[in-house]
Structures are given as structure tokens and as C-alpha cells.
Amino acid sequence: MADPKMRFLVVDDFSTMRRIVKNLLKELGYGNVDEAEDGVQALAKLRSEQFDFVVSDWNMPNMDGLTMLQNIRADPALAKLPVLMVTAEAKKENIIAAAQAGANGYVVKPFTAATLDEKLNKIFEKMEKAA
Amino acid sequence: MTEHIADSTSPDEVLSRIGHMTRALHESLRGLGLDKLIEKAASDIPDARDRLDYVVRLSEQSAKRVLDATDAANPLQDGIDERSAELSRSWRALLADAGNGGDAAWRELAERTVASLAESRNAAIATKSHLMDIMMAQDFQDLTGQVISRITGIAQNLEKQLVQVLVDFAPSEIKRELDNGLLNGPQINPEGNSDVVADQGQVDDLLDSLGF
């Protein structure tokens with residue numbers, strides 16, 4: 001398991017889903033979680049505070065998750081931040097677009113706690129190998 | 001044939017013919033009562049949209065209540081687990097200290113208490129897993145909410161197009177007729193609507209005023 005003090009940002013326009021992801025992360029041992037309700041709010045938080053991991057929805061008002069991801073990758077200060085997409089968008093072209101934009105993982109809603117755990121660990125393993 | 005028309009008709013005549021065709025279409029639209037149908041369809045859409053918004057709002061409230069309850073219940077289960085573990089440790093230590101000594105009835109009760117505490121811990125852990133399932137099941141609200149907002153978008157678009165058809169073809173005296181039926185379902189926007197009640201107090205007041 002990665003550092004339990006790791007700081008997560010959960011981005012989703014539905015408060016129910018933000019709470020679910022937040023609780024799941026807590027259950028998996030990561031209690032340090034903040035929330036944002038769209039890409040614009042998320043980027044503002046990412047640029048003003050320190051985060052170690054982003055879990056984001058795709059379809060959101062103001063700025064969607066893909067655009068946010070592209071912004072993160074284009075910003076030298078944030079470019080290396082791991083981003084896990086958790087979204088109902090299940091078309092192959094969505095998954096390909098997210099991968100091309102630099103997503104570290106992709107979970108389709110509805111998902112289980114086990115799936116989230118598995119994808120997080122996969123990303124942590126890759127990060128450790130790269131480090 | 002086409003050439004013949006092109007040869008013998010002036011642009012004015014073409015316009016006049018199109019004008020006549022439009023007029024005829026307009027008349028048949030009214031004659032068939034289509035303008036009323038379109039008008040009804042267009043005026044029903046905002047109502048359908050409000051109803052869908054109501055579904056979104058209510059399911060969100062409901063999901064929130066469930067999450068509040070699971071959030072409250074989780075630490076209670078943690079507490080049961082921790083206190084049972086702690087009590088169990090103390091009893092075991094006491095039993096170990098007593099060795100083979102001590103009253104037989106006391107020993108038996110102590111053993112049963114330790115076993116029961118272990119069961120409590122297992123039950124607390126199982127309950128936590130059920131709470132997790134209940135929490136995860138609330139994800140429906142996000143998914144159905146997304147589907148509904150998409151349908152709302154489609155309805156809005158459709159409404160715009162129908163209204164445009166009306167503006168282009170229908171007579172000017174269009175009025176939205178109020179639906180005065182008795183089967184309107186839950187009221188989704190009681191505020192600002194003087195002919196519906198917003199809460200039970202208003203129901204009671206109305207009945208009182210009628211002498212019931």
C-alpha cells in the first residue's frame with residue numbers, strides 16, 4: 001500500500017458520488033481527501049494546494065474531466081500527477097481518448113470497492129517502478 | 001415539363017405559388033387540428049421536464065439520507081468491534097492469571113463471555129460490509145441523474161423546435177390551456193402556484209376552512 005497520508009482530490013459533479021468515493025478511499029486507508037465539483041474548481045485547487053492523486057469523473061459542467069486532464073498534463077507543475085478516471089462514459093473511444101490524454105487508469109461506473117482498490121494499487125505499482 | 005414551367009413562369013408567379021402552397025399547408029394544419037396537437041405537445045414538455053427534475057431532486061435527497069445514515073452507523077460498529085476486542089483481551093488475561101484455579105461457574109461464564117465478544121466482533125465486521133454495500137448502491141443516483149439530465153436536454157430541444165413550428169405556422173391566438181384534471185401526481189413546484197398546497201399545514205387549513 002502507498003503512503004496513507006497521500007492527499008486525494010475527488011472530482012465529480014454529483015455530491016453522492018463524491019461521498020461514495022471519499023468513503024471508499026477512507027475504507028482503503030486514505031483519509032486525506034478533498035473534493036471539487038467540476039474541472040474548473042479542481043484545477044484551481046490543484047494549483048493552489050498540494051495533492052498527490054486525482055480521481056475524476058468525465059461528464060461535468062463548466063469543464064469536463066478530459067479537458068481537466070489535458071490541462072493537468074499541459075501544466076509543468078502538475079504534469080506528473082496521477083489521474084484515475086471514474087466515469088459512466090463506457091465507449092471505447094472514450095477510454096482511448098482518456099488514455100491518449102494521459103490518464104493513469106479508467107474505472108467505469110457502476111464500480112465496486114474491489115475495482116477501485118485494484119486500479120489504485122496498479123497505479124501505485126507503476127509509480128514505484130518509474131521512481 | 002420542367003422546362004415548360006421555367007419558360008412560361010416569372011419569379012413573381014413562383015413566389016405567389018409558394019405563397020399559396022404555404023397558405024394551403026397552414027389551412028390543412030388547422031383543419032386537421034394539428035396546430036392544437038403541436039401546441040399541446042409543446043406545452044406538455046416543460047411539465048415533463050419539471051417532473052424529471054423532481055425525480056432527480058428526490059432521489060438525490062434520498063441517497064443523501066442513506067449516506068448520512070451509513071456514515072453515522074459505521075463508527076458505531078467500529079466502537080462495538082474495538083470495545084469487544086478490548087474486553088475480550090481483559091477476560092483472557094484474567095482467565096490466564098487464574099490458571100486452573102477459580103470457581104468453575106465463574107470460569108464457564110468467562111469462557112462464554114469471551115466467545116460472545118468474538119461473535120459481536122464478527123457481527124460488527126459483517127454489518128460494516130453490509131453498510132458498504134448500502135453505500136455503494138447509492139451510486140444509482142449519479143447514473144440515473146445523468147440519464148435524466150440527458151433526456152431533459154432532448155426534451156428542451158424538442159420543445160424549442162415545436163414552438164418554432166407553431167410560431168411559423170399557427171394562428172396568433174395560441175394560448176396555453178391549463179390542465180385542470182385531478183390526476184396530476186406529486187406537486188413538484190408548489191411555490192408560486194396558488195392552486196396547490198405546499199405542506200400538510202395548508203391541507204389542514206383548507207379542510208378547516210371548509211368546516212371539516
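Reader: Which strands does helix α2 of chain A lie across?

Author: Helices here are DSSP runs of H or I with at least four residues, strands are E runs of at least two, and both are numbered from the N terminus. Helix α2 (residues 39-48) of chain A lies across β1, β2 and β3 of chain A. Contact needs C-beta atoms, placed from the backbone, within 7 Å. This is a predicted model, where local features need pLDDT of at least 70, side-chain atom pairs count only at pLDDT 80 or more, and totals for chains, interfaces and linings use all residues. Residues are numbered from 1 along each chain as its sequence is written, while chains are lettered from A and ligands numbered from 1 in the order in which they are written.

Reader: At what angle does α2(A) run to β1(A)?

Author: Axes are lines fitted to C-alpha atoms, for helices over the stretch in contact, and angles run from 0 to 180 degrees between N-to-C directions. For α2(A) against β1(A), the angle is about 165°. Helix α5 (residues 113-130) of chain A lies across β4 (83-87) and β5 of chain A, at about 175° to β5(A).

Reader: What is the order of the strands in the sheet?

Author: Strands pair if DSSP finds at least two bridges between them. In chain A, five strands form an open sheet in the order β2-β1-β3-β4-β5, with parallel pairing. Strands β2 (33-36) and β5 (105-108) of chain A each have a single partner, so they stand at the edges with one side lacking a neighbour in the sheet. From one strand to the next, the twist averages 20°. Inside the sheet, β1 (residues 8-11) of chain A pairs with β3(A) over four bridges. There, V11(A) stands opposite S56(A).

Reader: Where is D57(A) placed?

Author: D57(A) sits in the loop between β3 (53-56) and α3 (65-74) of chain A. UniProt, in an unreviewed entry, lists D57(A) under "modified residue: 4-aspartylphosphate". UniProt positions follow the numbering used here, feature names are shortened, and annotations may be inferred rather than shown by experiment.

Reader: Is D57(A) buried or exposed?

Author: Buried means 20 or more other C-beta atoms within 10 Å of a residue's own, exposed means 12 or fewer, and partly exposed lies in between; C-beta atoms are placed from the backbone. D57(A) is buried because 28 other C-beta atoms lie within 10 Å. Beyond its neighbours within four places in sequence, its contacts include V11(A), D12(A) and T87(A).

Reader: How many residues of chain B are in contact with chain A?

Author: Chain B has 14 residues in contact with 13 of chain A. On the chain B side, α5(B) gives the largest share, five residues.

How values were computed. Contact = placed C-beta atoms within 7 Å.
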